[in-house]
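Student: I would like to go through one part of this structure with you. Could we begin with a helix contact?

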Amino acid sequence: MKITSCVVLAFFFFGASSYAADELIVLKAARMFDGKSNSLVQNGVIIVKDDKIVDVGSNQQVPSGARVVDLGDATLCPGFMDAHTHLTEDFSGNYNERRLRELDLNVSEQAIQATEFARVTIEAGFTTVRDLGSRFVASHEFVDVALRNSINKRVIVGPRMLVATKGIGATGGHFDSTNGFRDFLFGREPDYTDGIANGPDEIRKAVRFEVKNGADVIKAAVSGGVLSLTDEVDTPQLTPAEMAALVDESHRLRKKVAVHCHGDQVAREAIEAGVDSIEHGSFMKPDTLMMMKKKGVFLTPTLMASEWIMGKIGNYPPALQAKAKAATAARSDMFRNAVKIGVKISFGTDAAVFPHGQNAKEFKLMVDLGMTPIEALKSATANDAELLGIAQKVGTLENGKLADVIAVPGDPTTDITATERVSFVMKEGRIIRQGPSGAEKAEKTASPDVSALAD
Ligand SMILES: [Zn+2]
């Protein structure tokens, strides 16, 4: 392990365990966004005991003996959530180099790398993520499940994760990780154990297999995608009968369904089938958005994904460049229409397409395309909590909820990019970050005292 990582781990370990369990922590800042109001509260105070918020409001009295963390000219917010990440993957570099590297790298090594992606994500203020797909070509490992469990057991530091395992898709579709390679290069065609299923019965089997192996949510690719080589971006990849089976089986098992979907026709079919969220949705027309609004289906727009790809378009093969251009050209109008129509919008970025930890850049893209700053902040807090089915526990700053609290400098309603400069992170009452991130601190440490880490 690199020395810098040891310093980071030591920081978390000692930082997180230095308070008595029954100590009250009082968080104060000039402003507070509670996750549900349409304006900020002045002089926000949050009182935390163990893992929960026990009092919250403006100018609350500080109990004697409490430890006060005064964050000054900042805004307290509920921990941000990202409803669309891939914490076990990194697609952000050159496309072909990455494909080749993945063939070389041991999956265990990729899993170790994912622990770093989890850390930078929570340090950026994202205390919860819905991780929508973790697959390694010709591997049966469940790295996302391992990451989630290790975070829950506090073996490593990271956001609360709801995981989808491999995701489900059709042969040759967006989720077929042998897509674009010579046939049988990996010895066999992928099957339901890889998330590749055809026909309603196989789809049910794939859902059951993923739930058996730890899935909290079911993800499926119902249309083509940008970063896959042999499919068109907007063509349907599951039939209405397959989608009906997918939704029915998932909902019977009390799992929500998120579908990767760019095309308009297949989006309508997916909405009819009863999916809970449409991911991306690039080519959706106003009529389709109206259907979503009527049925209460969430849109997770992932604007950051197309923004990153377009900014580094030379990193992708020509076929993908053409798909990215078409999807990006369509998605801005789609998003503006969704805001106007009043579709429920969940905050989700597709982190892994761009480097982990830059999730908050999505906020500015949303605001630039017509959302108010408050609505954008709600999408990453209360809306995501509702979509993820965890609104009873997190998403707003209220008595009895888990103490997932972050702070951003200044006022994010006048400068939404403040969300990109998170200065304080608490998850379940434990301070994960106060001031510079672990990475920033480690960088400033010229010669770390390695001997201090020996015990
Ligand atoms: Zn994705």
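Student: Which residues in H8 do Asp 264, Ala 267, Arg 268, Ile 271 and Glu 272 in H7 meet?

Tutor: The model is predicted, with local features needing pLDDT of at least 70 and side-chain atom pairs pLDDT 80 or more, while totals for chains, interfaces and linings use all residues. Residues are numbered from 1 along each chain, and side-chain values use heavy atoms, without hydrogens and water. Contact means heavy atoms within 4.5 Å, and helices are DSSP runs of H or I with at least four residues, numbered from the N terminus. The partners in H8 are Asp 287, Thr 288, Met 291, Met 292 and Lys 295.

Student: How do the axes of H7 and H8 run, roughly parallel or roughly perpendicular?

Tutor: The axes, lines fitted to C-alpha atoms over the stretch in contact, come within 10 Å. Helix H7 (residues 264–273) and helix H8 (residues 286–295) cross at roughly 15°, on a scale from 0 to 180 degrees between N-to-C directions. Under 35 degrees counts as roughly parallel and 65 to 115 as roughly perpendicular, so H7 and H8 are roughly parallel.

Student: Which residue in S12 is the bridge partner of Ser 277?

Tutor: Strand S11 (residues 277–280) runs parallel to S12, and three bridges join them. The partner of Ser 277 is Phe 298.

Definitions and conventions:
Helix = DSSP H or I, 4+ residues; strand = E, 2+ residues; numbered from the N terminus. Parallel < 35°, antiparallel > 145°, perpendicular 65-115°, else oblique. Pairing = 2+ DSSP bridges.
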